[in-house]
Amino acid sequence: MNNRHPTSFLFDVVIAGAGPVGLLLACELRLAGVSVLVLEQAESPHSPLKKLPFGMRGLTLPTIEAFYRRGLLDSLEAPGRQAKPEGKPRKQAGHFAGIPFDYDRINPSMWAYRLPSPADSNMAAEMERVETVLADRAQSIGVEIRRGVRVEGFAQSADGVTIQAGDQSFEGRWLVGCDGGRSVVRKGGGFSFVGTDPEFTGYSVQVDLADPEKLKLGRQLTPTGMYFQTQPGHFGMVEFDSGASHRTGPITLAHVQAVLRRISQTDVTLTALRVATSWTDRAQQATEYRKGRVLLAGDAAHIHSPLGGQGLNLGLGDVMNLGWKLAATVRGEAPDGLLDSYFSERHPIGEQILAWSRAQVSIMRPSPHARAMESIIRDLIATRDGATYFADRVWNASMRYDLGDGHALAGRSAPDFEWTDGTRLAALLADGTGLLIDFDHRAPLRSIARRWGDKVKYVRGEVKDRLGLTALLVRPDGIVAWACEGEVNPEDAVEAGSRWFAVHDGG
Ligand SMILES: Cc1cc2nc3c(=O)[nH]c(=O)nc-3n(C[C@H](O)[C@H](O)[C@H](O)COP(=O)(O)OP(=O)(O)OC[C@H]3O[C@@H](n4cnc5c(N)ncnc54)[C@H](O)[C@@H]3O)c2cc1C
């Protein structure tokens, strides 16, 4: 509990939803010393849909780096990592609308500021494992998680937010809606949510088949849709019905059989339906991520087709960006505009991902036009430039926030420098502070770092490869705020840092 505020608010931040996004946000806020309560409607964190194979989630570079930098990567124990033993890279590096691209075609010189690092460019993880790792971390550092508590509404005042959940109410100085695609916080807060209507209903199902030989394993595009059988009886299916069958009633065995027959164009027979859920490619995004003391993150702020494997990554990226900014705001240590930069930095990234997901849907349609475009993409993706382009987009490896004109690294993820004693940049970021890195040792950067108190660590020493840089300022989320080659002008560091860090008393 934070007792620096003479108010009755029990928690600095209340988070609605203990999905991966809510849990990572809780970890980030608590790391920065803020008190956090997470309210989750489900009694149990377990679900067959979170376990393999349904719970398989592709993670992209910014996500993997986030786990790595907070010391959580090894605990993910992802099958994707295990399948890539040292020195034997997997062949397939990713896909666009199911069209694979291979590692051996990718030109790594595209990423001039990327150093070899334990953070892979892509990997797979199980959703339940991701949530377990994050919940364990959150609770170990003092986050309170209450399960079986559904947020139903809230009222905000100038000082805080009162949250209603059945006959209980909770007080927080801030509320963050991480409550998924049908967010109560988004709807209750009157956020507008705009975008495009669905083209298909998608299903994840586990069934028993009387005649399994009638359906192939792997991904099958058919004249009426698409199905993929990841292992016997486990299907993803897509039917282009404009989303008409999504959430219109219970998903019965008869319905799943009819859909599978239509898509596969066989007379396959189901004898049992064990697991079933549906989804669509509806692509919508909130036009604001904050109203007063209420914020949105993750699927609550944006939804899109899951087939491109980006939604979790987008949401986790939101909260790596938001966590330290909201914490600084709660503590009264945020420079003007810091919290607003959450929206201005993350909304454009969300827009890009929604557009990327629409592009994939457009070439999966069961139409001659889509097939024609798909065959062109297949040709392009098989080239070196094509594979490199798609890898860059799918891995989100060149993600950059617009921090204005400056060094090419500003706004991008910091390289994982390795100091000669073996320390890596990621380890220095584990406690969630910023870094002022001084490779030059001639400018008075140490005293500049002191201006920001314990929010920025001053780091010097020799690294194995400094990539031609003399100094750089790294934000707590691992994004480079300022970088310099050649002679350092200390005033530039001061100016860049003043945008992200308040001057500490006596600093
Ligand atoms: C089939 C499928 C495959 C996918 N594959 C990938 C992939 O490979 N890569 C990828 O990046 N993404 C993928 N995604 C998307 C990804 O799963 C989501 O984007 C991600 O789970 C969003 O996380 P979240 O925490 O924002 O929301 P959620 O995971 O939906 O969590 C929200 C939480 O809030 C709780 N909640 C909801 N309402 C309330 C309330 N009123 N009060 C309290 N609690 C509430 C829910 O119970 C839930 O626990 C896939 C999705 C699907 C459906």
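**Domains, a helix and a sheet in a predicted model**

The protein chain is divided into domain 1 (11-84 + 120-193 + 284-362), domain 2 (205-280) and domain 3 (425-498), with bounds that come from an automatic or database domain assignment. The C-alpha centres of domain 2 and domain 3 lie 53 Å apart. This is a predicted model, in which local features need pLDDT of at least 70 and side-chain atom pairs count only at pLDDT 80 or more, while totals for chains, interfaces and linings use all residues. Residues are numbered from 1 along each chain as its sequence is written, and side-chain values use heavy atoms, with hydrogens and water left out.

Helices (H or I, at least four residues) and strands (E, at least two) are DSSP runs, numbered from the N terminus. The buried residues of α9 are Ala370, Glu374, Ile377 and Ile381, where buried means under 20% relative accessible area, exposed over 50% and partly exposed in between (1.4 Å probe, protein chains only). Seen down the axis of α9, these buried residues fall within an arc of 60°, so they line one face of the helix; the arc is that of the directions from the helix axis to the C-beta atoms. The face turned away from the buried side of α9 carries the exposed residues Pro368, His369 and Asp379.

Next comes a sheet. Four strands form an open, mixed sheet in the order β22-β21-β23-β24, two strands being paired if DSSP finds at least two bridges between them. Its edge strands, β22 (456-459) and β24 (480-484), each pair on one side only. Strand β21 (residues 434-438) pairs with β22 in the parallel sense over four bridges, and Leu435 stands opposite Lys457 in β22.
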